[in-house]
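Thanks for coming, everyone. Please bring up the model on your screens. I will walk through a few places in it.

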Amino acid sequence: MLDALLSRLADKRDLVIDLQRELTAIPALGPDNGGPGEREKADRLKILLADMGFPEPREINAPDPRVPCGHRPNLAVVISGADTARTFWVISHLDIVPPGDRALWRGDPYTLEVDGDLLYGRGVEDNQQAVVSSILLGKALLETGTTPPVNYGLLFVADEETGSKYGLDYVAAHHDGLFSKDDLFLVPDFGLPSSEMVEVAEKSMLWYKVIVKGRQCHASTPEDGINSLSAAALFILKIPKLHERFPAKNPLFQPANSTFEPTKKEANVDNINTIPGRDVFYVDCRVLPEYDLDDVTAAIRAYGREVEAACGVTIDYEVVQQEQAAPATPEDAPIVRKVMDGIRAVYAGAKPRPMGIGGGTVAAYLRRRGHPAVVWATLEHNAHQPNERTSIAKTIGDAQVMAHVLAGA
């Protein structure tokens with residue numbers, strides 16, 4: 001089985017280009033990004049899959065009144081295996097981000113450009129490489145008449161770029177028996193050109209807004225005011241102390257420790273000779289999973305009380321984003337071992353290893369529901385940039401890794 005699939009996949013360059021051209025021409029932008037959603041792209045994908053002989057997709061549509069069709073489409077396609085109680089799922093997303101400044105592009109971002117092994121266009125890497133790789137394996141199964149050991153499932157989801165409320169989060173909550181406890185889950189939406197990053201864990205994420213309120217006055221009479229900027233500066237200098245309060249390290253991650261970084265600073269006064277009465281800054285916290293984010297916010301507020309006492313200001317707080325990390329996928333989980341075995345078999349010299357990342361992925365929605373999942377792909381690592389590009393050879397290589405996982409399931 002495996003040799004036949006690998007051989008069939010090796011000559012799919014033209015199909016990679018054809019599929020990428022079709023998908024790139026349909027800018028599936030969600031309403032948060034000023035677009036109509038993924039319906040047109042999903043409909044075109046359904047036609048392409050039908051022409052290749054795939055089974056009829058099951059649609060799981062998340063209601064969303066902001067888009068013309070009233071919903072965000074999620075498509076599940078299953079090729080039956082010998083054991084129909086288990087499925088190897090490859091999960092990719094249909095939506096993209098806007099192209100940004102078009103003057104920075106080589107050409108029209110929605111017209112595929114082919115340059116040797118590279119394809120250029122918005123969405124070609126994020127996440128159409130994964131879409132295409134998963135289709136290549138499915139087509140190879142159909143062309144060779146192969147019945148895999150378990151079901152092969154392709155899941156194309158909406159809304160990954162703006163939170164997944166209408167995508168994998170919705171599917172995981174409303175799948176009605178789509179997933180089973182023994183299924184294998186691969187999300188090809190993050191990775192390195194070396195193919196060696198196999199993501200199994202995430203840090204918790206907290207974006208915290210700090211509003212420091214003093215009293216504005218003329219800079220020549222500072223005794224008449226309370227300088228909010230000085231207080232904010234004192235507060236910012238206390239943020240690094242969070243490393244002492246939360247000192248743990250985990251070698252899965254790079255960096256191995258939690259990070260606490262003051263980032264954005266809003267403007268206060270327009271002129272130099274005015275002492276500001278209000279300052280706003282933000283803190284980006286990427287916290288190891290063993291710590292509770294409520295403990296982090298409590299520690300920040302304790303520093304704030306020290307600043308209030310020292311400077312006479314009052315301080316308010318707002319949570320911009322708070323996401324407690326999902327449970328990690330165990331490093332010895334079957335999906336982790338099978339993906340790493342496949343990488344070693346396909347990408348000569350690669351030394352894959354389980355790793356954690358500092359931000360969230362859609363795999364969290366699976367892990368929170370008890371499904372071990374791996375996030376992995378072999379990417380040029382240029383998502384969201386002008387002249388987004390993807391490798392044809394790596395698209396095929398990733399499909400071959402998926403074939404190894406399926407054959408060993």
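One term before we start. A polar contact here is a pair of N or O atoms within 3.5 Å, where one must be able to donate a hydrogen and the other to accept it. Keep in mind also that this is a predicted model.

Start with Glu125. Where is it found? Look in the loop between strand S7, residues 118–120, and helix H4, residues 128–144. The side chain of Glu125 has a polar atom 3.0 Å from the backbone nitrogen of Asn382. Now the charge. Glu125 is buried, yet it has no salt bridge. Which side chain of opposite charge is nearest to Glu125? That is Arg389, and it sits 7.0 Å away. A salt bridge needs the nitrogen within 4 Å of a carboxyl oxygen.

Next, a buried arginine. Arg367 is in helix H10, residues 363–367. Its relative accessibility is 5%, so Arg367 counts as buried. The side chain of Arg367 makes a polar contact with the side chain of Thr329, at 3.0 Å. Beyond its sequence neighbours, Arg367 touches a set of residues including Glu199, Val200, Ala201, Glu202, Ala326 and Pro327. Ala373, Val374 and Val375 are also among them.

Now to the sheet. Four strands form an open sheet, in the order S13-S15-S11-S16, with antiparallel pairing. Which strands stand at the edges? They are S13, residues 259–265, and S16, residues 314–323. Each has a single partner strand, so one side of each has no neighbour in the sheet. From one strand to the next, the twist averages 20°.

Zoom in on one pair. Strand S11, residues 204–213, and strand S15, residues 278–287, run antiparallel and pair over 10 bridges. In that pairing, Ser204 stands opposite Val287 in S15. Two helices pack on this sheet. Helix H6, residues 228–238, touches S11, S13, S15 and S16, and its direction makes about 15° with that of S15. Helix H8, residues 293–311, also touches S11, S13, S15 and S16. The direction of H8 makes about 160° with that of S16.

Last topic: salt bridges. How many are there? The count comes to 30. Here are some of them.

Arg21 bridges to Asp18, with the closest N and O atoms 3.7 Å apart. These two are three residues apart in helix H2, residues 13–24, which means they are separated by about one helical turn. Arg21 is partly exposed, at 39% relative accessibility. Asp18 is partly exposed too, at 41%.

Then Lys139 and Glu143, with the closest N and O atoms 2.2 Å apart. They are four residues apart in helix H4, so again about one helical turn separates them. Is Lys139 buried or exposed? Lys139 is buried, with a relative accessible area of 16%. Glu143 is partly exposed, at 30%.

Finally, a network. Salt bridges link Asp32, Glu38, Asp64, Arg66, Arg72 and Asp159. That is the tour.

Key:
Residues are numbered from 1 along each chain as its sequence is written. This is a predicted model: local features need pLDDT of at least 70, side-chain atom pairs count only at pLDDT 80 or more; totals for chains, interfaces and linings use all residues. Side-chain values use heavy atoms; hydrogens and water are left out. Buried means under 20% relative accessible area, exposed over 50%, partly exposed in between (1.4 Å probe, protein chains only). Lys and Arg count as positive and Asp and Glu as negative; His and the chain ends are not counted. Two strands pair if DSSP finds at least two bridges between them. Axes are lines fitted to C-alpha atoms, for helices over the stretch in contact, and angles run from 0 to 180 degrees between N-to-C directions. Contact means heavy atoms within 4.5 Å. Lists of a residue's contacts leave out its neighbours within four places in sequence.
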